[in-house]
Amino acid sequence: MTETVGIAVLGASGRMGRMLVDTILATPGARISGATERPGHPWIGVDLGVALGRAALGVVVTDEPIESFAVSHAAVDFTAPAATVFHAELAAQARIVHVVGTTGLEREDMEKLAAASRHAAIVRAGNMSLGVNLLTVLARKVAQALGPDWDIEILEMHHRHKVDAPSGTALMLGEAAAAGRRANLADLGVRSRDGQTGPRPEGAIGFATLRGGDVVGEHEVIFAGPGERIVLRHMATDRAIFARGAVRAALWGQDREPGLYDMIDVLGLREPGAGTPDR
């Protein structure tokens, strides 16, 4: 791995962008090598440190991602689906690691990421935290161990400003539970219930979404069986956990073969013979 890894922060002015700047500056072996914002943003052409109200960092914010990618080893992306797909194509051309924490990606977006991953390493996860990814492993194992007479429900709550639902983390947990039953979430997922819905379909994985206040993120995977329930729960109280995970992924990705990876790979939790839904 390169001694000092240059990391570009995409969408540097956003909440996660600012947190990534702090995390990279505090991480040994990492440095900020680039920063981007959308065209017309007031930070364009300004030193990133100055834009943040601090001392200059020697990195000028640009609206041309390829300029940052050309001088970076990795790029961390918590932007929007369309922007992330665009970034993936450019990162693949530059042969740098692309760490994707963007949520709300549709199937066609994922297909484009998969195409880009043939040329460079992409680490994508609906959630970058260590605890959530451990929860994902547990959800898969519990679903695998329990029979079809156990119903699976996933409950998530986030702050009032979140724009996608269910959350990327909830879907990631649903995918893990479905994989534990050797099935696809697309065939089992139930995302809404209203009115006369009829009995619960056997094997369904249900989702419930709550929004309010400034909740960082809360997720529960509920296994409801005859006469008993198992509840796996994770509560995030500090968004810095996502930035720390993303930077860890950027460092891990150095010298990796092209491919589409996730945080299970980064944390070394991949079970032998258990691929991701995308590989």
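**Ground rules.** I am working with a predicted model, in which local features need pLDDT of at least 70, side-chain atom pairs count only at pLDDT 80 or more, and totals for chains, interfaces and linings use all residues. Residues are numbered from 1 along each chain as its sequence is written, and side-chain values use heavy atoms, with hydrogens and water left out.

**Whole chain.** I looked up the helices (DSSP runs of H or I, at least four residues) and strands (runs of E, at least two), numbered from the N terminus. The chain has ten helices and twelve strands. Its radius of gyration is 19 Å, close to the 19 Å from the globule rule for 279 residues, so the chain is as compact as a globular protein of that length. That radius is taken over C-alpha atoms, and the rule is 2.2 Å times the number of residues to the power 0.38.

I counted two strands as paired if DSSP finds at least two bridges between them. This open sheet runs β3-β2-β1-β4-β5-β6-β12, with parallel pairing. At its edges are β3 (61–62) and β12 (259–261), each pairing on one side only. Strands β1 (residues 5–10) and β4 (residues 74–77) run parallel and are joined by four bridges. In this pair, Ala-8 stands opposite Ala-75 of β4. Helix α4 packs on the sheet and touches β1, β4, β5 (97–100) and β6 (121–124); contact means heavy atoms within 4.5 Å. The direction of α4 makes about 165° with that of β5. For such angles, axes are lines fitted to C-alpha atoms, for helices over the stretch in contact, and values run from 0 to 180 degrees between N-to-C directions.

**Five-strand sheet.** I read the order of this open sheet as β8-β9-β7-β10-β11, with mixed pairing. The edge strands are β8 (189–190) and β11 (228–236). Two bridges join β8 to β9 (residues 205–211), and the two run parallel. The bridge partner of Gly-189 in β9 is Ile-205.

**Second largest pocket.** I took a pocket, on a 1 Å grid over the protein atoms alone, as an open set of points where a 1.4 Å probe fits, with protein on both sides within 12 Å along at least five of seven lines; lining residues have an atom within 4 Å of a point. Of the 39 lining residues, the closest to the centre are Met-16, Phe-78, Thr-79, Thr-102 and Thr-103. Helices α1 (15–25), α4 (81–94) and α7 (168–180) each supply at least two lining residues. The largest share, four residues, comes from α4.
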